[in-house]
Amino acid sequence: MSGFGGFLLRRTAGAVVTLLAISVIVYVVFYVTPGNVAQITCGPRCSPEQVHQVAEQLKLGDPLYLRYWHFLQGLFVGQDFSTGTSVEHCAAPCLGQSYQTDQQVLHIILAKLPVSVSLVVGAMVLWLLLGIGTGVLSAWRRGRVSERVLTAVTLAGTATPVFVIGLVLMIVVCGQLRLLPFPQYVNFTDDPEQWAWNLLLPWLSLALIEAAAFARLTRASMLETLAEDHIRTFRAYGVPERSIVGRHALRGALAPVIALNANNVGSAVGGAVLTETLFGLPGIGQELVHAVKVVDLPVVVGMVLVTGFFVVLANAVADVLYAVADRRVVLA
């Protein structure tokens, strides 16, 4: 196949191969480790009988390739778990069963996912608005005092850890100025207004870090686009500068920004772990920290796989949007 259809097929195949590679790496890192894997998986509080049961469920006596194959089978067709008195079926995609709560890992993740999605998506909207807006303004006001101030602010944002920004915002905005309440997650379906108000500080904490990178990239892309011949032609014909910047230069500068946004989604997932822990949001990040503390290995593995899936999906979508913005990518 050629053209856009072939491009989509290649990107889809690449995403599938990447996901399989992630599953191999995750399995090797977590399940092919020195020591008693069953004891590590079950946790420090398990009895010898429970450890033995976990070893049978993980099929530790089988060769490595068979164990990985059973792991993949759980993802694609599901698997059965023995609870001692009965057998419980875990439907695909089965990410395992928590040995701390006896809940299916997928159910735990789905319960926490709306909080993390709300955090990352809301922060993404803010960092795109702040980053692109600051970059465009900085390129437009090049050489002026305002451009130097914006550059200094973006550099400071890049160098500041997310937990520092979050702490400063809580102390100033919630503690001293009392403009916002201390964040407490509210379901969107219960009260959309309170949902947004309580997530505003976490959004800002995560967005200010990512917006700095977008501002710098947008400024560089805008300056490059503004120096091209067709922009000079528009100016020679008397097209207003605002129209040149907003309609022509910005559209040409957005292609690298789209690619950066996919990478930032991945880094934002990592930042969400700190942000959720700092603000006490009951999302995947906070659950992952708890699972690591109690050594609940199936939950850790499941959340790493889900996080990897969303990062790969974001990059695949970015590739498609990049191709739509610049059709030369399809021919590459």
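Please keep in mind that the model is predicted. I will take the salt bridges to begin with, and the structure holds two of them.

One is between the side chains of Lys112 and Glu287, with a nitrogen-to-oxygen distance of 4.0 Å. This pair links distant parts of the chain, since the two residues are 175 residues apart. Lys112 sits in helix α5, residues 105–140, and Glu287 sits in helix α11, residues 284–293. Are the two partners buried or exposed? Lys112 has 22% relative accessibility, so it counts as partly exposed. Glu287 has 17%, and therefore counts as buried, because the cut-off for buried is under 20%.

The other salt bridge joins Asp229 and Arg232, and their closest N and O atoms are 2.7 Å apart. Here both residues belong to helix α9, which covers residues 229–236. They are three residues apart, about one turn of the helix. Asp229 is exposed at 57% relative accessibility, while Arg232, at 48%, is partly exposed.

Now to the surface patch. Phe163, Val164, Leu167, Val168, Ile171, Val172, Leu177, Leu179 and Leu274 make up a nonpolar patch, and together they have about 780 Å² of accessible area. Which helix gives the largest share of the patch? That is helix α7, residues 162–176, with six residues. Leu179, also in the patch, lies in the loop between α7 and α8. Its relative accessible area is 60%, so Leu179 counts as exposed.

That is the end of my part.

Conventions: Residues are numbered from 1 along each chain as its sequence is written. This is a predicted model: local features need pLDDT of at least 70, side-chain atom pairs count only at pLDDT 80 or more; totals for chains, interfaces and linings use all residues. Side-chain values use heavy atoms; hydrogens and water are left out. Helices (H or I, at least four residues) and strands (E, at least two) are DSSP runs, numbered from the N terminus. Buried means under 20% relative accessible area, exposed over 50%, partly exposed in between (1.4 Å probe, protein chains only). Patches are made of residues with over 30% relative accessible area and no salt bridge: like charges are joined within 9 Å, nonpolar side chains (Val, Leu, Ile, Met, Phe, Trp, Tyr) within 5 Å. Accessible areas come from the Shrake-Rupley method with a 1.4 Å probe; for residues, only the protein chains shown count as cover.
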